[in-house]
Amino acid sequence: MSSLTVNKKTRRIIPGFHLSLGYTMLYVSLLVLLPLSMIFIHTMSLSWAEFIDIVTAPRAVASYKVSFSTALAAGLLNVIFGTIIAWVLVRYSFPFKRIIDGLVDLPFALPTAVAGIALTSLYAPNGWIGQFFNFKIAFTPLGIIIALTFIGLPFVVRTVQPVLQNISAEVEEASASLGATRLQTFRKVIFPELAPAILTGFSLAFARALGEYGSVVFIAGNMPMKTEITPLIIMTKLEQYDYAGATAIAVVMLVTSFILLFSINLIQWLANRRFVH
Amino acid sequence: MSIQINNVSKKFGSFQALEDVSLHIQSGELVALLGPSGSGKTSLLRVIAGLETSDVGEILFDGQSMIDRHPKERNVGFVFQHYALFRHMTVFDNVAYGLKVRPRKTRPSKLEIKNKVMELLRLVKLENFSDRYPTQLSGGQRQRVALARALAVEPKVLLLDEPFGALDAKVRKELRRWLRKLHDDFHITSIFVTHDQEEALDVADRIVVMNNGKIEQIGSPDDVYTNPKSPFVYDFLGNVNLFKGRLHNGKLLHGEFAIDVPDLQVHTEDQAVGYVRPHDIQIERTNVSGTVPVKVSHIHLLGPIVQVELRREDMDEFLEAELTKEQFTNLQLKVGDHVFIKPKQLKVFIPEDFSI
């Protein structure tokens, strides 16, 4: 026999793989997968025809449209303004910068109902801001977008900020010395670096906006077919002890959100794979 | 393109980065800015490139003032120490960048860009790497991409900020020889910043030694090395032994030493410091006149040269001598040997303050 021994098991250099992986699996199962699967299990009590009936009811379909379109609009608004805020906070120094930096997180801390009431009183037709507009803001999809933009603000700012901080000034200087204008430098050098972070921020803000309930119910006015969001339909059904109906609608939301978020992640993975190793 | 720098000063807060710097660089010259960190060499380079504005003074390219010009209007190629490549672009796109961002009127056609980029990649021997991303390249390859990228816009001036500082010794030497060759082929006015005196001596036509925001000396590598104008330049360019003694009747007195200093006859009884390079220390087996006794305390064999540490026997001081392998073999030195030394060549400076 050869005196050389063959290592059958490749040893991992970083310890604790099995323990930490086991813990992760348990945690994800217990806190994410199990509760989510309950939705499907509850829905199972319905027949296929009943299920289709509930989820394609005109009021439900209208609410999907409201929910997804307002969440999308809020996510896009946050991309624009969140990126600008992150840019200002990273690139310039000015008085009270720290305070403004801290204010960005406030929408996270505030109970969403409080935010809803505050926004409604501002944007109601006789509110501080609402009185200056000759069209209604509160109690329309516009009001919903404002509420969703408010609660989603921190996501884009907080994902873009660190990435922006890490872009070295040298890269911009290199671009300038090669003859690029400021706009070209932003478009061709800075933006591609920020894009993955912006996309992450967008998907977080979008997902948060989809599920948002507290702040929206006050400002939306909740008119069926017009400003009724899907989470409200679910709440209404729950209040009527229609658990199966509520979970059926939830399944539609869940599957759609999952597909959307998964495709965003896929795009990101495809984009990153090229230059991040 | 010739570069004229007139009385340039620059302050960062209370730190004087550049103080009244004037320098004239001829067209087609390869100049090294040499100095320790914080000496202002990088600041000067950045002021020339327009990446930093000077507080006072002028920068002229071929007699034209550049002070109000944006970096992109100066037609300068800048190479950064840490490459500053665009990591989301391939090697090809990095090199093509400067051509692609030109306004439509002056932008070359796609085919012209492609030919130009491939020609440059051949020049830096990376034609097979055009589809790679910067993260897939080694440090030396990345710096070559950065050089090709800077050359793509056909700059009139090439500025390099410690271009080889982040590379290992062998690659560094290879790249700097290659840079020299490139410069000889293209005759583009080039300035590079370095803190490595060997690099500056090896590559440059002229060396500008800087310290504390000021120019200490300008000259050819040989001139700067053999005739340093100040103790700082002597110290910075290579190792040196100090003899802190007194000047008396044209002799530097230090322990048992009495060395003739013909060019300083006038001074008497002054504090003075003699500077001797390690290879200018002559080691003798016998007591010839003008030598002092020393004891060999350490011997370092560094390939072709041998460094010998010596302890003075007349006073408690150490000296360093450098011998060729041949001289060393002839002398048959061993640690603990008692030998005699004298300086073959010595330069005396009278310190302005005695704290040196």
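Predicted model: local features only at pLDDT ≥ 70, side-chain atom pairs only at ≥ 80, totals over all residues.

Me: What makes the buried residues of helix 3 of chain B line one face?

Reply: The buried residues in this helix are B:Val117, B:Leu120 and B:Leu121. Viewed down the axis of helix 3 of chain B, the buried residues fall within an arc of 100°, so they line one face. In general, an α-helix has 3.6 residues a turn, so residues three or four places apart point the same way.

Me: Against what do the buried residues of helix 3 of chain B pack, and which exposed residues does the face turned away carry?

Reply: The buried residues pack against helix 2 (91-100) and helix 4 (139-152) of chain B. The face turned away from the buried side carries the exposed residues B:Leu111, B:Glu112, B:Asn115 and B:Arg122. Just after the helix, B:Lys125 takes a positive phi of about 55°.

Me: Why is B:Glu198 called partly exposed?

Reply: B:Glu198 has 14 other C-beta atoms within 10 Å. A residue counts as buried at 20 or more and as exposed at 12 or fewer; B:Glu198, with 14, is therefore partly exposed. This residue lies in helix 6 (residues 197-203) of chain B. B:Glu198 and B:Gly238 are 40 residues apart in sequence, and their C-alpha atoms are 8.4 Å apart in space.

Me: What makes residues 3-237 of chain B a named feature?

Reply: The name comes from an unreviewed UniProt entry, which places "domain: ABC transporter" at those residues. Over this stretch the chain is 36% helix and 26% strand, with end C-alpha atoms 26 Å apart. The domain assignment of chain B gives domain 1 (3-236) and domain 2 (241-349), and the C-alpha centres of these two domains lie 40 Å apart.

Me: How many residues does each chain bring to the contact between chains A and B?

Reply: Chain B brings 20 residues and chain A brings 17. On the side of chain B that touches chain A, strand 6 (76-79) and helix 2 each supply at least two residues. The residues of that side divide into 12 nonpolar, four polar and four charged.

Methods. Residues numbered from 1 in each chain as written. Chains lettered and ligands numbered in written order. Helix = DSSP H or I, 4+ residues; strand = E, 2+ residues; numbered from the N terminus. Arc of directions from axis to C-beta. Contact = placed C-beta atoms within 7 Å. Nonpolar A, V, L, I, M, F, W, Y, C, P; charged D, E, K, R; others polar. UniProt positions renumbered as here; feature names shortened; annotations may be inferred. Domains from an automatic or database assignment.
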